[in-house]
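Please read the following report alongside the sequence and the three-dimensional view.

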Amino acid sequence: MPTLSEMEKLRERSIAKLDADAALNHIATLIDSSLDAQFRPGADRALYLLNELAKCELTLKQGALIEYFRANAWSAKEELAGERGSRDWEHAEREQQVLALSRAAAHPGFAELHVVRRCQILTNRANQLHTMGRFVDAIEGWDTALRIIPNFAMVLANRGLGLKHYGGLLEDDRERAILLLHAHDGLAAAVAPDAIYEGDNQDDLRQQFAATASAYAAAVDLNRVRALQDLDGTALGRSKAEQAYRRWCLDRRLFLSPLNDLGPFTAAAIDDLVLPAITESFDDRPGAFSPPPVIGFFNQMKQEYASARFMLYEGLNSTKLHFSDRGVRLFDTLDYPAHSLATERVRSAYRIAYSLLDKVAYLVDHFWKLGKVADRINFKNVWMAEGKPRLLDQFKIYPNWPLRGLYWLSKELFDNELKRTTGADARELYDIRNALEHKYLQVHEGWAWDLMLISPATNGLGQSINSDLLEAKALRVMKIARSALIQLALAIGVEERNKAAAAPDQLIGSMPLYGLERGRKRRDPSW
C-alpha cells in the first residue's frame, strides 16, 4: 500500500508533458492507489486531471476512456466517503457515476474499446441502476454486456441477483417462480468452468455465487418450474401482420410484462401488468361504490402506451404511400423534408410516450398524498419541495425500492428548473419534445442528412432533426415510459403490502374486478 508521502507525490504529478495514453494510465493508477491508501484528495485530483485532459485533442477511443475513468473516480469518492451501500435517495456520487458511464456507453469511441472494457462499462452502469432501484433498465444493461461476452461471470451473477429481486416484487406466483428460475440459472452459469473472471478473488466469488444459487434452488422446485414455464409456446396472433408487430415489440422489450425482461419469449407478448389490490378507507370516497380511481387511471395510461407503441411500429415499418397523404398539397423546401402519415405516427408516439411520464408523476402525487399543485406537476419535480431543487423530506430514506427507482428514472430527463440528470441525451430528448409540442420540429429524410451541403436551418422557428435520429429517440422515450409504468405498479404493490403488514388484524372487505371484454374496445356499441 502506498505511503502518504508517495500518494502526495503521485497526486502532484503533472500530465502536461504526457501523451493522452500515458496521461490516462497515470490517472488510472492515481484512482486505484487512492482507493488502496484511503487517500481522498487523490480522487479529487483524478477528476481535475480528467477535465483537463478532455480539453485536448483525443481519439474517439480516448474520449470514451475518459468517461470510464471519470466514473471510477466518482466510485472511489463514494467508497472513501463511506457511502457504499447507502440507501439514501439522493446520492451525488452515484449520479455522477451513472452519467459518466452513460456517456461512455453512448460515445462514438465505445465500439473501439476492448471487449472486456466495454463489458465493464455496461456492467458497472447496470449495477448502479440496480442499486438505485432501476432494475428493469439494469437487466437490459446486463443483457447488452452478455451479448459481447456471454460467459462474463460478474454479469451473469449480478443479472441473477437482479432477477431475484425483481421477481420478489411481483404479485403473480408463476412469473415470480420463472424469474427465480432464471436468477438461479444465471448464478449457476457464473460458476461454470468456462465462466470468465477478473481479479484474484475468483475462488471466493465462485463460492459465494454457488451458495446463493443453492439457496434459490432450495426455495422452489426449479425442475417443476422449468418444465411448466413454456415461454415459447404461445402463438403471436392470427395474421402475419399481428405476428410481425408482436415480434417487433418482443425484440425491443416493449411489452408491459416482466417476462419480456427475460428476453423475446412469446409468452411475454402480452401487456399483463396491472396494479395490485388497492385498499381504501370508507372516508376516502364517502358513498362511492366503484373501484378506486387509480385503477381507471392506470388503465388509461396502459392504453395510451399500447396505442403509442403501435403508432411507432407503423411509423417505422411503413413503406407505402398511405391514401390519406394523397391530395395533401405541400411544397418542397429543398432540404429533403419528411412529411407523411408514417412520420406523424412517429412524432405522435414520441409525444404520447413523453406525456405519460408526467401522468405517472400525477398518480405518484395522488397515491402518496404529496399535495402538489396539479397544473405544475411533472416527472422531474413531483419528488421535490415546492419550487425548490430539494428532495421532499419524506422521500430521503423512504423504504420503497421500486419507488426510489422511479425517482432515479426521472433523472434521465432534463428540466429547465431541475437540470441535473443522469441521461447523456436528456437535453436532446427535452428539446425534441418541446419542439414537437410547442414549436417546429423540422424532420429531414435520414438517408440525405449527411449529403446536405449546408446544415438545415429553421431561422429560430424550431429545430431540425433527421428521421433516423427521431425514430431512435422515439424508441428510447417509449422504453423510458415502459420502465416508468412497471416501476409505478410495483412501487404501489410494495406500499399496499406495507399497509397490510402494519395492520394485520384490520377487517377488510373485498370488491372483485373483472377484465374488460375485448368486444368493448370496438367503437360499435352493438357488440
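The report below begins with the basis of the values and then turns to the individual features.

## Basis of the values

This is a predicted model, in which local features need pLDDT of at least 70 and side-chain atom pairs count only at pLDDT 80 or more, while totals for chains, interfaces and linings use all residues. Residues are numbered from 1 along each chain as its sequence is written, and side-chain values use heavy atoms, with hydrogens and water left out.

## Helix packing and contacts

Two packed helices are described by the angle between their axes and the distance between the axes. Helix 5 (residues 92-106) packs against helix 6 (residues 115-132) at an angle of about 145 degrees, and their axes lie 9 Å apart. Helices here are DSSP runs of H or I with at least four residues, strands are runs of E with at least two, and both are numbered from the N terminus; axes are lines fitted to C-alpha atoms, for helices over the stretch in contact, and angles run from 0 to 180 degrees between N-to-C directions. Residues of helix 5, among them Val98, Leu101 and Ala105, meet residues of helix 6 that include Ile121, Leu122 and Leu129, where contact means heavy atoms within 4.5 Å.

Aspartate 358 is found in helix 14. Leaving aside residues up to four places away in sequence, aspartate 358 touches Asn378, Phe379 and Arg433. The C-alpha atoms of aspartate 358 and glycine 167, which are 191 residues apart along the chain, are separated by 27 Å.

## Loop residues and a surface patch

Arginine 253 lies in the loop between helix 12 (240-251) and helix 13 (293-317) and has a positive phi of about 55 degrees although it is not a glycine. With a relative accessible area of 11%, arginine 253 is buried; buried means under 20% relative accessible area, exposed over 50%, and partly exposed in between (1.4 Å probe, protein chains only).

Tyrosine 336, in the loop between helix 13 and helix 14 (341-367), also has a positive phi, near 55 degrees, and counts as partly exposed at 35% relative accessibility. Together with Trp447 and Leu451, Tyr336 forms a nonpolar patch on the surface with about 360 Å² of accessible area. Such patches are made of residues with over 30% relative accessible area and no salt bridge, like charges being joined within 9 Å and nonpolar side chains (Val, Leu, Ile, Met, Phe, Trp, Tyr) within 5 Å; accessible areas come from the Shrake-Rupley method with a 1.4 Å probe, and for residues only the protein chains shown count as cover. Leucine 451 is placed in the loop between strand 1 (440-444) and strand 2 (462-466) and is exposed, with a relative accessible area of 56%.

## Salt bridges

Side chains of opposite charge can pair when their charged atoms come close. A salt bridge is a side-chain nitrogen of Lys or Arg within 4 Å of a carboxyl oxygen of Asp or Glu, and by this rule the count comes to 35 salt bridges. In one of them, arginine 285 meets glutamate 280 at 3.0 Å, N to O, and glutamate 280 is partly exposed at 38%. In another, aspartate 393 pairs with lysine 396, the closest N and O atoms being 3.1 Å apart; aspartate 393 is exposed at 52%, whereas lysine 396 is partly exposed at 39%.

Glutamate 412 forms a salt bridge with arginine 476, with the closest N and O atoms 2.8 Å apart. This pair links distant parts of the chain, 64 residues apart, since glutamate 412 is in the loop between helix 15 (401-410) and helix 16 (426-438) and arginine 476 is in helix 17 (residues 467-502). Glutamate 412 is buried, with a relative accessible area of 1%, while arginine 476 is partly exposed at 24%. Salt bridges that share partners join Arg134, Asp137, Glu412, Asp425, Glu428, Lys473 and Arg476 into one network.
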